Amino acid sequence: MSKVYFSKNLSSENLVKLYKLEEDKLFGNIAIKVHSGEAGNQNFLHPEYFKDIIKYVNGTVVECNTAYDGKRNTTDKHLKLLKEHGWEKYFKVNLLDAEGPDKVLEIKEGKVIKKNYVGKDLKNYDSLLVLSHFKGHPMGGYGGALKQLSIGLASSYGKAYIHGAGDPSKIWTADHDKFLESMADAAKSIVDYFNGHIVYINVLANMSVDCDCCAKAEDPCMQDIGILLSTDPVAIDQAAIDLVYNSSDPGKKHLIERITSRNGLHTIESAAKLAIGSKEYELITID
């Protein structure tokens, strides 16, 4: 079974403590995937929270443009927002798809899509640290490690391609389960690309039913739970889901309804079938 480490201590110092458990997996030029936070969103995890771990890793914060209207759908607007939100104040930042052409990753075993379009600057990195804010999502049901691997690292065109299950013109109208399966396909391409040199952290805090991509998001509906770390993206997302479902917090009902109404667990199931991780895991609690 995959190992998933868990701590209730949400401090920035504890992020470093947990990371040290698997730091040997990363080497060379390290990309650190974060969510920059849409303008107006009140729930995203701010750069101050990640200062210690990003300084320790000595990597580069990476992001990609969005495929919908907002303050992050063009390079100029996104770079401005990254500065306004403080990411450039503390860290080296690389908007991976700031300029084209996209880097195309093949997905030979993909169930729905056979290509993944990512920011071309991904080629500059040897390994990847995925910092995910676990919460709900309007379309995917939930957002965690698998979403960061897929939608998160896809270029603006790549995001539309995944959402449209291979047809960007159907970004909002494609078969829903095909969209979820496309996310799993895209995640596989990133896992294959980095060949075992990825570490995942899910932070279960500020858990709203809405994503950090929403300019107007609902406030969190349940209490913070803690931090998870793993080298398995399927196991870490499954562990996060299980912690929410097994929580005694009555607010979990709202988040679970969001997850189930969007068939969110199908992404995890699809990724497991692609053998990029396992739903079976050992949860190891760290004080």
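## Surface and overall build

Welcome to this protein chain, which exposes about 11600 Å², with carbon and sulfur atoms supplying 48% of that area. Please keep in mind that this is a predicted model.

Taken along the principal axes, the C-alpha atoms fill a box of roughly 45 × 40 × 35 Å.

## Inside the fold

Of the 287 residues, 60% count as buried. Looking at contacts between residues at least 6 apart in sequence, 76% join residues that are at least 24 apart.

Charges are worth a glance too: there are 35 positive and 39 negative ones, and their mean positions are 2 Å apart.

## Aromatic pairs

The chain has 10 aromatic pairs. In one of them, the ring centres of Trp 87 and Phe 91 are 6.1 Å apart and the planes meet at 40°, so this pair is tilted. Trp 87 and Phe 91 are both buried.

Tyr 117 and Tyr 161 form an edge-to-face pair, with 5.0 Å from centre to centre and 70° between the planes. This pair links distant parts of the chain, 44 residues apart: Tyr 117 sits in strand 6 (residues 115-118) and Tyr 161 in helix 6 (residues 156-163). Tyr 117 has 17% relative accessibility, so it counts as buried; Tyr 161, at 13%, counts as buried as well.

Finally, ring pairs link Tyr 49, Phe 50, Trp 87, Tyr 90 and Phe 91 into a cluster.

Definitions and conventions
Residues are numbered from 1 along each chain as its sequence is written. This is a predicted model: local features need pLDDT of at least 70, side-chain atom pairs count only at pLDDT 80 or more; totals for chains, interfaces and linings use all residues. Side-chain values use heavy atoms; hydrogens and water are left out. Buried means under 20% relative accessible area, exposed over 50%, partly exposed in between (1.4 Å probe, protein chains only). Contact means heavy atoms within 4.5 Å. Accessible areas come from the Shrake-Rupley method with a 1.4 Å probe; for residues, only the protein chains shown count as cover. Lys and Arg count as positive and Asp and Glu as negative; His and the chain ends are not counted. The place of a charge is taken as NZ of Lys, CZ of Arg, CG of Asp or CD of Glu. Rings of Phe, Tyr and Trp (its six-membered ring) pair if their centres lie within 6.5 Å; planes under 30 degrees apart count as stacked, over 60 as edge-to-face and the rest as tilted. Helices (H or I, at least four residues) and strands (E, at least two) are DSSP runs, numbered from the N terminus.
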